[in-house]
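Please find below a colleague's note on the structure shown here.

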Amino acid sequence: MPDECIDVFCHFLPPGYCEAAEAALKSPLQMFRRAQKIRVMVDLDARLELIGKFPGYRQVISLASPPIEALAPSRSAALARTANDELAKAAATGGDLVYGFVASLPMNAVAARIDEASRGVKELGAAGVQVFTNVGGRPLDDPQFEPLWELLERLDRPVLLHPARTMAQPDYAGEEFSKFDLWWAIGWPLETTLAMARLAISGIFDRHRRLKVVAHHVGGFMPMLAGRLGPGMELLGTRNPAGTEEYVATRLQEPILDACARFVVDTASFGSRSAIECGLSFFGADQLLFATDMPFDPGQGPDYIRSTLAAIDAMSLTEPQRQQILAGNARKIFHLRD
């Protein structure tokens with residue numbers, strides 16, 4: 001084990017939030033029910049015991065999917081408040097083992113998402129906020145979300161970007177559902193990549209130079225697209241018929257590849273060394289954060305911690321790079337206490 005590693009994208013569902021969410025649900029949600037069956041997802045004492053088995057390992061906790069606005073759209077503001085109050089309590093109870101929490105927002109509620117982001121950071125001490133790659137099918141580069149990015153830039157807190165897609169989105173037209181869990185295995189990285197590209201090409205980092213967006217799962221497919229987003233995008237607009245110019249128009253002030261490389265990403269790759277190395281090559285050591293996605297591993301907690309640490313340990317990194325990835329970058333971006 002390293003002297004210190006800070007897991008910035010791992011999930012926890014406080015029991016108080018689960019009770020409120022279940023009461024607001026009109027029908028059961030399989031992924032939500034599945035997550036609650038993982039003991040360390042809902043039992044803080046069991047979670048702290050597990051963390052303690054990994055010397056130097058600490059967490060910044062956030063809710064598991066689905067998005068709050070997908071659980072109960074009409075109750076999203078109240079559920080977000082409950083979630084953040086409960087996460088703040090869990091982080092405080094966690095002491096030296098939990099460095100903080102990431103606030104959740106009612107993204108379908110225009111005023112409430114701003115209010116809750118502000119309350120979460122200013123009153124509860126949230127280290128950042130979590131949003132999902134679409135809001136009821138609406139893209140994050142929609143102008144309606146611009147006030148949120150302005151606020152988070154001003155508060156100097158990162159946005160954690162989590163994918164959102166379900167089995168109900170089929171792989172091909174004419175099918176009722178996605179097959180073989182590909183909505184998750186391929187659909188989630190695709191969701192992340194599309195959201196990242198749309199945000200970057202729409203100029204979010206031109207408008208908000210200090211904003212940090214942390215993309216889950218090593219940034220989806222983005223690290224493998226340097227050629228397509230570089231030389232390939234020099235032909236932007238030439239592939240489409242006349243009359244569709246509005247679909248390629250952008251005021252981006254830098255090359256598309258450079259804009260897409262401005263994201264911060266995490267190492268949550270289910271222990272894949274090659275995925276993390278690809279992310280390191282594309283984004284650089286100063287934009288790579290340690291994360292495991294626990295406790296969604298087969299062992300319900302420890303497996304992805306071990307495998308992600310092993311993958312990073314096997315990489316050819318300088319010691320300063322290793323320390324950056326494991327903890328240094330997280331301390332800087334999340335403003336974590338010593």
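The points below cover the basis of the model, the sheet, the cavities and some backbone details.

1. Basis. The model is predicted, and local features need pLDDT of at least 70, side-chain atom pairs count only at pLDDT 80 or more, and totals for chains, interfaces and linings use all residues. Residues are numbered from 1 along each chain as its sequence is written, and side-chain values use heavy atoms, with hydrogens and water left out.

2. Sheet. Eight strands form an open sheet with parallel pairing, in the order E1-E2-E3-E4-E7-E8-E9-E10. Strand E1 (5-11) and strand E10 (288-289) stand at the edges with a single partner strand each, so one side of each has no neighbour in the sheet. Strands (E, at least two residues) and helices (H or I, at least four residues) are DSSP runs numbered from the N terminus; two strands pair if DSSP finds at least two bridges between them.

3. Strands E8 (residues 213-215) and E9 (residues 264-266) run parallel and are joined by two bridges. Val214 stands opposite Val264 in E9.

4. Cavities. How many cavities of 30 Å³ or more does a search of the whole structure find? There are two. A cavity is a set of points, on a 1 Å grid over the protein atoms alone, where a 1.4 Å probe fits but cannot get out; lining residues have an atom within 4 Å of a point. Grid points are joined across faces, edges and corners, and a volume is the space filled by probe spheres set on the points.

5. Largest cavity. This cavity holds about 80 Å³ of space. Its lining has 13 residues, and Pro67, Ile68, Ser104, Leu105 and Phe132 lie nearest its centre. Helix H5 (68-71) and strand E4 (128-132) each supply at least two residues of that lining, with E4 giving the most, three residues. By class, 10 residues are nonpolar, two polar and one charged. Here Ala, Val, Leu, Ile, Met, Phe, Trp, Tyr, Cys and Pro count as nonpolar, Asp, Glu, Lys and Arg as charged, and the others, Gly among them, as polar.

6. Second largest cavity. Its volume is about 40 Å³. The lining consists of Leu152, Glu153, Asp156, Arg157, Pro158, Arg210, Leu211, Lys212 and Ile333; five of these residues are charged, four nonpolar and none polar.

7. Cis peptide bonds. The bond from Ser65 to Pro66 is cis, with omega near 10°, and Pro66 belongs to the loop between strand E2 (57-62) and H5. The bond from Met294 to Pro295 is also cis, with omega near 10°; Pro295 is in the loop between E10 and helix H15 (303-314).

8. Positive phi. Val218 is not a glycine, yet has a positive phi of about 60°. Gln300, in the loop between E10 and H15, has a positive phi near 60°. Is Val218 buried or exposed? Val218 counts as buried at 2% relative accessibility, while Gln300 is partly exposed at 40%. Buried means under 20% relative accessible area, exposed over 50%, and partly exposed in between (1.4 Å probe, protein chains only).

9. His217 counts as buried at 12% relative accessibility. Leaving aside residues up to four places away in sequence, His217 touches Pro163, Trp188, Asp266, Ala268, Phe270 and Asp293, where contact means heavy atoms within 4.5 Å.

How values were computed: On a 1 Å grid over the protein atoms alone, a cavity is a set of points where a 1.4 Å probe fits but cannot get out, and a pocket is an open set with protein on both sides within 12 Å along at least five of seven lines; lining residues have an atom within 4 Å of a point.
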